[in-house]
Amino acid sequence: MSFIKRFIEAETASRRNFLLAGAYGITGAAALRMFGPSPIMAMTYDEPTIAWSYRNRTNPYWNEIVSGGEAFVESLGKSKDDLTHLINEGSSEKSLADVKALLAKTDGKLALAIDTNDAPNARPVVEACVEAGAFVSTLWNKTDDLHPWDFGDNYVSHMSWSDEGPAEQTARILLDAMGGKGGVVHLGGIASNNPAIERLNGLKNALKDYPDVELLDAQPADWDTQKANQVMQGFITRYGDEITGVHCANDTIGYGVLEALRAEGMDVPIVTYDGNPQAVDLVAEGKILATVFTNPHWGGGITASLAYHAAVGHFKPSEEPAEHREFYGPTIFITPADAQEFKTNYLDNVPTYDWTDFWGPSNGQIMYK
Amino acid sequence: MIRDIIVKWAPLLVLVFLVLLFPIFEWLEDFRAGKDHIYLLDSRFFSVRNASRIAVAATPGLMVAIGVTFIIIMGSIDLSMEGSVSISAVIFAFAFLALGGTLLSWAWLAIPAAMLVGAGIGFVNGLVHVVFRIPSFMVSLAMGFVGTGLALVLTGGDRIRIEDEVFRSLLTVRWLNFPIMCYVALLALLVAWFIQSHTTLGRNFYAIGGGEELAQASGLNVARIRVLGFALAGVFFALGALMAVGRIGIAETATGNNFMFISIAAVVVGGTALWGGIGGIPNTLVGILIVYVITNGMVVIGLPSWLQDGVLGVLVITAVVLSTSRKSISFVK
């Protein structure tokens, strides 16, 4: 019987070896790919098409983003019409379809800056670009498991903003102005939007240090002035003079809140977010206590610039450290004390940025929870 | 017969029901908290101050809903309101600032200018609809996009602030607790009601909605009345734009947002039938109040806002089901 036993032993051993070898083959190759450069060398182009893909220009925020993109294109000595606009109107399907169409048209000779509309859409967009040999930089939306360094050179960079910290700081300014007591209401963005969630969390974090302030209510106002006006009217009916402070998720909401307060003859401190020119004026007039400027002009320009300079080969993304591939955008606080100075420096004359200083104003590597 | 009476008065009953319903929630809340609360008397919702808030919120929507009521009575539909409101608001703001920036100068001309713009868009709507025989919903939807696009081109995505104290007194000055804009809206409402019930044009809308072939055979110039109807609707859309700017002090491309759902929901919930001939301006007033009482009441009793849209949706469907006898319709498309 021993030969049967030996046979079984031999078979088991060889199968184990085979499995081990197989496993090494797979992981080893993957490991090599992880540590070494991508086996497909990225090709660069002399005159890539430069494109920005975004929601639409109706929204002042996106208007600023795209004006930055245009300023960058002009800095190359081109006309601003040389920037191709892909407008997704809030549809991820259209966003992806437009990118694929442009990839086909340009044969992959493309430097693309994009907000993919929602996070899950970032992967198919990036993969389509990488496959076609185009260079892509993303803004705002991507899933946490998608990283530029997994795609060699072609997925150049991702920029986003963490709003929790800045929103917490504006909340502290508000809560201090309220004398650390009373009631605060929050009017938020579209409930499922990440910035809307983060900005409310910022307020909640700040409230932990102010036990005498009650969060009376928090309702979404969909980033919309008219909606915010109505929601604030409802709050005034429900809470009346209990409201001694208003925390708004952005400037557009703040405008509606101010008008609702004005109609009632109420004077309550409010803080907003985004630093739109009109809000900065209102801060200077003392009607808004504080807002946060995220410099969308720079963000829009530098995202296009990163994709372009990688595409023409001025730098090699895969040789850059991680904090140059995924990073937070800048945040600047604006209060009545510095509103005028800010206005002169940033709004009355839009600064001429050095679009090759890719990471100067950025705010460190993106951290995942 | 009884069914007819119920259908006729249902919208008003719903409104009364809602107005009495929200204070119950307030009473319950205070009761649970152990506070003294006399039903209705201590209600924050059921108060003059809140009535004026609801009225202020509802005025722009009411103007737009009145406009589309005329069209729906004819059995057509006008979906251009969002674009019409945006472009009228933006042109008003530009003209207002260019002509002096205060109502006490030539800038008042911006008001008729905005109404002309609204009428113009409506006129084109009607003309394309009648001449090229394209369904009104398609023409007006497309014209709405054109309006939004134009507004965007004019503003470049910026918002225009109207700071004039005289114009803003629409909101800031109150007579008997209600801002002036509510009285202006009331006046417009009376004019619309007069057009509907005391002019040939108004009666002809019903004639077309009740039976277009019959109206045509009786010698009515249906095409002309349709075009006039769309132009009239455009004027009311522009009035809605003026109210919206008066309320917020800002004209922008987004000024027209959300008016489509609100106005059509108001017309339908008020009991005006979508195939024409039934309903009218008083129904629309009740309808818009239902819509805004719900919006306001939900916030006042602290319900999440996603419920508001859901409740409105259910109300719209219920209203359509109630307002018609299904058996008399052979096709639904």
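Residues are numbered from 1 along each chain as its sequence is written, and chains are lettered from A in the order in which they are written. Because the model is predicted, local features need pLDDT of at least 70 and side-chain atom pairs count only at pLDDT 80 or more, while totals for chains, interfaces and linings use all residues.

Chain A contains 11 helices and 12 strands, taken as DSSP runs (helices H or I, at least four residues; strands E, at least two) numbered from the N terminus. Of its 369 residues, 47% count as buried, a residue being buried if 20 or more other C-beta atoms, placed from the backbone, lie within 10 Å of its own. The domain assignment, automatic or from a database, gives domain 1 (49-161 + 296-330) and domain 2 (164-293) in chain A. The centres of these two domains, taken over C-alpha atoms, are separated by 32 Å. Among contacts in chain A with a separation of 6 or more, 74% join residues 24 or more positions apart; two residues are in contact if their C-beta atoms, placed from the backbone, lie within 7 Å.

Helix α6 of chain A (residues 194-207) has 14 residues. Its buried residues are Pro195(A), Ala196(A), Arg199(A), Leu200(A), Gly202(A), Leu203(A) and Ala206(A). Seen down the axis of α6(A), these residues fall within an arc of 145°, so they line one face of the helix; the arc is that of the directions from the helix axis to the C-beta atoms. Their cover includes α5 (164-177), β6 (182-188), β7 (213-220) and β8 (243-248) of chain A.

The contact between the chains takes 25 residues from chain A and 29 residues from chain B. On the side of chain A, the elements giving two or more residues are α2 (60-75), β7, α7 (225-239) and α8 (251-264). Of these, α7(A) gives the most, with 10 residues.

Notes
The expected span of a helix is 1.5 Å times one less than its number of residues. A residue is buried if 20 or more other C-beta atoms lie within 10 Å of its own, exposed if 12 or fewer, and partly exposed in between; C-beta atoms are placed from the backbone.
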